[in-house]
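Visitor: I would like to study a protein model through a few questions. Please show it first.

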Amino acid sequence: MRIEAYNKINQIYQTNNAAKVSKTGKVSASDKLEISQIGKDIQVAKAAVAQTEDVRMDKVNEIKQRMASGTYNVSAEELADKLVENYFDQSI
């Protein structure tokens with residue numbers, strides 16, 4: 001490495017003379033956060049969803065009882081219709 005080339009680069013960019021930053025002691029403004037009405041509505045909706053159950057146990061228990069008693073029957077056509085409906089809903 002050539003030292004004279006390094007010295008010339010330092011002279012061009014003046015890396016040895018870093019600028020000093022001075023403190024101003026005054027604060028002229030403060031940060032402020034405002035949430036829009038839509039944002040507040042979304043927060044309320046999220047809180048309501050978080051409080052609800054993921055599984056509707058009344059439906060699950062009803063189906064379990066019908067399966068145990070042998071009265072729960074689903075036709076192949078109904079099953080195929082639901083599968084196709086769910087497939088197209090997810091692919092859009």
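**A pair within one helix**

Guide: Arg66 and Glu62 are four residues apart in helix α3 (residues 57-69), so about one helical turn separates them. Helices here are DSSP runs of H or I with at least four residues, strands are runs of E with at least two, and both are numbered from the N terminus. This is a predicted model, in which local features need pLDDT of at least 70, side-chain atom pairs count only at pLDDT 80 or more, and totals for chains, interfaces and linings use all residues. Residues are numbered from 1 along each chain as its sequence is written, and side-chain values use heavy atoms, with hydrogens and water left out.

Visitor: What do the side chains of Arg66 and Glu62 meet in?

Guide: Side chains of opposite charge can pair when their charged atoms come close. A salt bridge requires a side-chain nitrogen of Lys or Arg within 4 Å of a carboxyl oxygen of Asp or Glu. At 4.0 Å, N to O, Arg66 and Glu62 meet in a salt bridge.

Visitor: Are Lys32 and Glu34 buried or exposed?

Guide: Their side chains also form a salt bridge, at 3.4 Å from N to O. Buried means under 20% relative accessible area, exposed over 50%, and partly exposed in between, with a 1.4 Å probe and protein chains only. By these limits, both Lys32 and Glu34 are exposed.

Visitor: How many helices are there in the protein?

Guide: Along the sequence the pattern reads α-α-α-α. The protein has zero strands, and its helices number four.
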